[in-house]
Amino acid sequence: MNRKHFIYACLCCSMTLALGSCADHDMLHSDVDMPETLKAADYLKGYDVLSSYAAFPISISADYSTLSEDNVERRIMQENFSELAPSDVFGHENAMKATGKVDSVRIATIAKLASDNGLRLFAGPLVSSTGQNATYLNSLIQPNVMRPDGDDGGYCIKITNSALCDNAKDAQVAYTFAKTPAVEPYIQYRLAFMVRGTSTGTVQCATYSNGKGSNFTPTFEVTSDWTRVELMNTMASGISGLTSVLFNVGLYVGTIYIDDLELVEIDDWGYEATGNLNTVNANLDDYETTLASISIHTDHGGFEEATVSELGEGYDPLATYVEKTYDEKNTILSGCMQGFIADVMRNADGADWQVLHNPIDATGAMVMSNGEAALPGEFFWHDYMGKEYAVKAFQYAAQAQPSSSLYISQDGMEYNTTLADRLVELANWIDQQGGHVDGIGMSIDVSTDSVDTNAISNTLAKLAATGKKVRITSLRVDVPTAYEDADLVEQGNLYQTIVKAYIDAVPEAQRGGIVVAQAVDGSRPTGLWDATYSRKHAYGGFVKALQ
């Protein structure tokens, strides 16, 4: 059987077919001469599955789409690893819906996959300053609204976008006028409306009629305060009835509220030549009419909703907006954190958990906003709950699953040993304040041409000196961009060096495990298997260290 045909057979094999007899032995019965590079790697065929060499968990990180489909890569994972560490299932941004409910279906799917195959789960992170559904969290701490008696606040357009695009027009919501305004080509028009958002960001507007249109200028900044926006447009050729206005929100992540739409013709001297051409439902307080006017025009996959707001969320000139106090925000977010952790952990019983991830910044201080605007997915729990947010995260996790091992983790410690000192200090402080940290995790992301193995060994020793469990929460070894076979051999040697450093530094009773970042080579050759599902020198180096 030639290599091409055998690989195809592997792709079609059943769940019960052992991978060791498939891709790892793909040249065993070939009649052609074996190339020297394959002869050099022939020793790999004699190895057993990876997890058979380890007395501690060997985990594999993978995304939901890979884990939820029956394919060769997933079967390699099932055969060779003792744990799954899903990369995009349990984190806040992935698990928390716009409604505030946890996506239990995805979690249950992965939990069942692990259980059916005798695998444990290493899940999380549950709390971090990145990878959060910041749109939902920010919506919880919006200002309190004070209104006169009998004032209901009305409705408005509500748009929630959760993913940043390359261009504003990659995500568009159309507001179609209930009665089409008559307009003239080459004449200037002013679009005005009230707008506010749960985060700051840039939005653009455009005209749209039967496939024709042009942008309003300028783009505008959304803030947390209601602001009147005025935009100008010279109507495009061929438009005599303006069907819709497009709100281009591809560069905005969060929820925006839009109210009181006004379209006015402007004469050559800059004065209003007409009244409001949006003559039906301009204040958007007719719920059904407003709902019928809203549609998604272009969707990059980040829209969570484009609809009518709740009653009272519209612009209200009679209302007073009062910022919530620190205590109010603390109480609200503490309850949200507790509920989220309980719901996620309830759906994956028996897992070990990465509870708190990257709480330390590059300077060694606790991560905070420091007055800077948050990026998409960023939410700084410390700003609203103080340092105690770290304690609460572990307390809530322990309440939800008392028998699980709970970890604190940090990236960047493979190069910066000072981060390890700060993380150990924080873990000890959490213990003193009534939380309990069972283990500490470090990620290791290096290349054969950029690595400090002494720093890795020193950091592992510092973590082990706490007496807590120690995990490598992500292990990835890359090679130079223009690599040769010799670089892949060196990659295997470096995998061996790092795994051996872990075993040497961490006593057996404290070995929480190692998470391999990538099983099969993708855009970069960082896996233990290549793109044809054959074992690499990286696999051999890993096994040699375990032996």
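## Close-up views of a predicted model

At 46% relative accessibility, Asp 70 counts as partly exposed. This residue opens the first legend below. The model is predicted.

View 1. The side chains of the two residues form a salt bridge, with N and O 3.0 Å apart. Which partner is buried, and which is partly exposed? Arg 75 is buried, at a relative accessible area of 4%, while Asp 70, at 46%, is partly exposed. Arg 75 is among the buried residues of helix α4, which runs over residues 72-80. Most of this helix is covered, with 7 of its 9 residues buried. The buried set is Val 72, Arg 74, Arg 75, Ile 76, Met 77, Gln 78 and Asn 80. Side chains of opposite charge can pair when their charged atoms come close.

View 2. Which residues make up the network? Arg 190, Arg 228, Glu 230, Glu 262 and Glu 272 are linked by salt bridges. Across the whole structure there are 23 salt bridges.

**View 3. Arg 476 and Asp 445 bridge two strands.** The closest N and O atoms of this salt bridge lie 3.8 Å apart. Arg 476 sits in strand β19 (residues 469-478) and Asp 445 in strand β18 (residues 439-447), so the pair ties together parts 31 residues apart in sequence. Arg 476 is partly exposed at 27% relative accessibility. Asp 445 is partly exposed as well, at 42%.

**View 4. Four acidic residues form a negative surface patch.** Its members are Asp 152, Asp 285, Asp 286 and Glu 288. Glu 288 lies in helix α8, residues 287-293. Is Glu 288 buried or exposed? Its relative accessibility is 55%, and exposed means over 50%, so Glu 288 counts as exposed. The chain carries 36 positive and 71 negative charges, whose mean positions are 6 Å apart.

**View 5. Leu 242 is a buried loop residue.** Leu 242 belongs to the loop between β10 (227-234) and β11 (244-248). Its relative accessibility is 0%, so it counts as buried. Which residues does Leu 242 touch, leaving out those up to four places away in sequence? The contacts are Phe 177, Thr 180, Pro 181, Val 183, Thr 207, Tyr 208, Ser 209, Met 235 and Leu 263. Glu 378 is 136 residues from Leu 242 along the chain, and their C-alpha atoms are separated by 38 Å.

View 6. Val 437 has a relative accessible area of 1% and is buried. Beyond residues up to four places away in sequence, Val 437 touches Phe 394, Leu 406, Ile 408, Ala 427, Ile 430, Asp 431 and Lys 468. Leu 356 lies 81 residues from Val 437 in sequence, with 9.8 Å between their C-alpha atoms.

**View 7. Two prolines follow cis peptide bonds.** Most residues other than glycine have a negative phi, and most peptide bonds are trans. The bond from Gly 124 to Pro 125 is cis, with omega near 0°. Pro 125 is in the loop between β3 (120-123) and α7 (134-140). Thr 217 and Pro 218 are also joined by a cis bond, with omega about -5°. Where is Pro 218? Pro 218 falls in the loop between β8 (201-208) and β9 (220-222).

**View 8. Asp 260 and Asn 358 have positive phi.** Phi is near 55° for Asp 260 and near 55° for Asn 358. Neither residue is glycine. Asp 260 lies in strand β12, residues 254-266, and is partly exposed at 28%. Asn 358 lies in the loop between β16 (352-357) and α10 (381-385). Why does Asn 358 count as buried? Its relative accessible area is 18%, and buried means under 20%.

**View 9. The whole chain gives the setting.** It has 15 helices and 20 strands. The C-alpha trace spans about 85 × 60 × 40 Å along its principal axes. Of the 547 residues, 52% are buried. Among contacts with a separation of 6 or more, 78% join residues 24 or more positions apart. The accessible surface is about 23,300 Å², and carbon and sulfur atoms account for 48% of it.

Key: Residues numbered from 1 in each chain as written. Predicted model: local features only at pLDDT ≥ 70, side-chain atom pairs only at ≥ 80, totals over all residues. Heavy atoms only, no water. Patch = residues over 30% accessible without salt bridge, like charges linked within 9 Å, V, L, I, M, F, W, Y side chains within 5 Å. Areas by Shrake-Rupley, 256 points an atom, 1.4 Å probe, with all protein chains shown as cover. Lys, Arg positive; Asp, Glu negative; His and termini not counted. Charge placed at Lys NZ, Arg CZ, Asp CG, Glu CD. Helix = DSSP H or I, 4+ residues; strand = E, 2+ residues; numbered from the N terminus. Buried < 20%, exposed > 50% of the residue type's maximum accessible area, 1.4 Å probe, protein only. Contact = heavy atoms within 4.5 Å.
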